[in-house]
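This briefing is meant to be read alongside the sequence and the coordinates.

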Amino acid sequence: MKDIIIVGRGLAGATLSFQLLAKGIKHHIVDQPSLSSSSKVAAGLVNPIVLKRLKMVQGAHEFMTHIPSFYQAKEVLTGFKFYHESTVRHIFANTGEINLWEEKKDNVFHSQFLKGFVQNTNPYLLAPHGLGVMEGIGWLDTNSFLNAHRFFCANNGISITEKTFTKNDLSTLVESGHLIILCNGHLLKDWEVLPENAFAPTRGEVMTIEADGLSEDNILHSSIFAIPLGEKQFKVGATYHWDKLNDMPTDDGIERLRTDLEKVYSGKYKIINHQAGVRPNTKDRKPIIGKLKDNVMVFNGMGSRAALMAPQLSNILLDYLTTGNPLPSEYNIDRFL
Ligand SMILES: Cc1cc2nc3c(=O)[nH]c(=O)nc-3n(C[C@H](O)[C@H](O)[C@H](O)COP(=O)(O)OP(=O)(O)OC[C@H]3O[C@@H](n4cnc5c(N)ncnc54)[C@H](O)[C@@H]3O)c2cc1C
C-alpha cells in the first residue's frame, strides 16, 4: 500500500485522522469545504441516553469510555478547548415521563447519568411538571474541534487539499495502490456504491439565539435542546426533515424551532444565526464501517451521534487496518454488500 487518503474532513474524517496520527501513521486529506457538511452545523451533544424514551444508545457504554480520553487528550495536544462537560435539565412533559425517569434512574448504566428532580425556579420557563437532572454528559464545539484538527495537521505535515474528490480520482488512486478512506458524510449516497436503501439522510436545522431568561449553567432539554455557548447565547435545535437534503435553512425549519422553544420559554430572545445540515443516517440506524472494495474503506453513517461514536469507532477501524481484527458485524459495511 502506498499513501492513505481520507476523503472528507467532518467529525468522521478528522477523528480518524487524529487516531492515525496518534499511531504515527501519515496520511493526506481531501476535503471540499463548499460541499455539504453536517459537522459544521451539529450541536455536538454527547449523550448516551435517548431522552425521549430514556433508552440507552446501543454500544453507549463503550462509546462513553472513550470520550474523556479522546477529546481531553486532543485538547492537551492542540491547545484548543472544544469538549465541555455539562449537565442537562430535562423539562418533563407529563407525569408519565417522571415515572419513567424514576424507574430508569436505578438501572446500573442509567444511574451514572439520570439523577433526581428539581422544581422550576425560572419565571420564564414553562415547566409545571418539574425537571429531571442529568449529569456526566457533554457537548463538542464541532467547529473548534475541526479548527484544532486543521492546526494539528499543519504542524504535523498532514496535507489538507481543498478539492472535490471524484469517482475518477478514486479509480486512479486505487489503481496506483493508495488506500482511500471515504468519510464524505451523506454525500456518499450519490456515489451509488452502496444500495440506495442503506441510507436515510435527514436534514436538521438549528438556530443560535441571544436570551436573557435562560440559565447558562445547564443544557435545557424538552422537545428541543438549548446549549449555553456563553455571553447569553444558546444553540437551539434540532429539527428532523426527510426532504430538501441540502444545507439551506428553511422558513419551515425556523418556524418549528421557534414554536418548540416558545412551548417552554416565555422570555424574549433574538435569533442571531440559523443553519441547516444533513445527518448521514442509515436505514438501520447503525454506522457503516469497513471495506467497500480493495483499497477503499468507508467510515460513515453516524447519524445524529458522531460526537459520541466517532472516537470509539475510529479506534475500531484503526485496529482493523493495523492488525486485521474483524469489525463488529453490526457496523460492518458487509451487511450492505
Ligand atoms: C442540525 C444538526 C444537529 C446535530 N446535532 C448533533 C449532536 O448534537 N450530536 C452529534 O453527535 N451529532 C449531531 N449531528 C450529526 C452530526 O453532524 C453528524 O453525525 C456528523 O457531523 C457526521 O460527520 P461526517 O464526517 O460523517 O459527515 P460531514 O460532517 O457531513 O462531513 C463530510 C465532509 O466530506 C466532505 N466531502 C463530501 N464529499 C466530498 C467530495 N466528493 N470531495 C471532497 N470532500 C467531500 C464535505 O465537504 C464534508 O466536509 C447533528 C446534525 C445536524 C444537521
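**Domain interface**

Between domain 1 and domain 2 the count of salt bridges is zero. The model is a predicted one, and its domain assignment divides the protein chain into domain 1 (4-42 + 144-198 + 286-336) and domain 2 (85-137 + 201-279).

- The C-alpha centres of the two domains are 30 Å apart, and the contact between them involves ten residues of domain 1 and eleven residues of domain 2.
- About 800 Å² of area is buried between domain 1 and domain 2, with carbon and sulfur atoms giving 55% of it.
- On the side of domain 1, S38, V41 and H186 together supply 57% of the area buried against domain 2, which is more than any other three residues supply.
- Polar contacts do cross this interface, where five residue pairs are found, both residues of each pair being at pLDDT 80 or more.

**Nonpolar core**

- In soluble globular proteins, nonpolar side chains tend to be buried together.
- The largest nonpolar core in this model has 63 residues, and those with the most contacts inside it are Y71, M134, F145, I181, F299 and L313.
- Helix α7 (residues 306-323) contributes nine residues, the largest share of this core.
- The core also draws on both domains, taking at least three residues from each of domain 1 and domain 2.
- Leaving aside residues up to four places away in sequence, F145 touches L11, A14, T15, F18, F70, Y71, F82 and L140.

- T202 is found in strand β11 (residues 202-210), and T202 counts as buried because its relative accessible area, 4%, falls under the 20% cut-off.
- The side chain of T202 makes a polar contact with the side chain of N281 at 2.8 Å, and N281 is also among the residues that T202 touches, together with Y240, H241, W242, L245, G277, V278 and R279, when residues up to four places away in sequence are not counted.
- G157 lies in the loop between α4 (142-155) and β9 (160-161), and its relative accessibility of 61% is over 50%, so G157 counts as exposed.
- Although G157 and H27 are 130 residues apart along the chain, their C-alpha atoms are separated by 9.0 Å.

**Salt bridges**

- The count of salt bridges by the rule applied here comes to 13.
- One of them joins the side chains of R150 and E162 at 3.4 Å, N to O, and this pair links distant parts of the chain, with R150 in helix α4 and E162, twelve residues apart from it, in the loop between β9 and α5 (167-175).
- R150 is partly exposed at a relative accessible area of 35%, and E162 likewise counts as partly exposed, at 48% relative accessibility.
- D260 and K263 form a salt bridge whose closest N and O atoms are 3.2 Å apart; both residues lie in helix α6 (residues 251-264), three residues apart, or about one turn of the helix.
- D260 is buried, with a relative accessible area of 17%, whereas K263 is exposed, with a relative accessible area of 53%.

How values were computed:
Residues are numbered from 1 along each chain as its sequence is written. This is a predicted model: local features need pLDDT of at least 70, side-chain atom pairs count only at pLDDT 80 or more; totals for chains, interfaces and linings use all residues. Side-chain values use heavy atoms; hydrogens and water are left out. A nonpolar core is a set of buried Ala, Val, Leu, Ile, Met, Phe, Trp, Tyr and Cys residues joined through side-chain atoms within 4.5 Å. Buried means under 20% relative accessible area, exposed over 50%, partly exposed in between (1.4 Å probe, protein chains only). Helices (H or I, at least four residues) and strands (E, at least two) are DSSP runs, numbered from the N terminus. Domain bounds come from an automatic or database domain assignment. Contact means heavy atoms within 4.5 Å. Buried area is the accessible area (1.4 Å probe) that two parts lose on being put together, summed over both. A salt bridge is a side-chain nitrogen of Lys or Arg within 4 Å of a carboxyl oxygen of Asp or Glu. A polar contact is a pair of N or O atoms within 3.5 Å; within protein, one must be able to donate a hydrogen and the other to accept it, and residues adjacent in sequence count only if both atoms are side-chain atoms.
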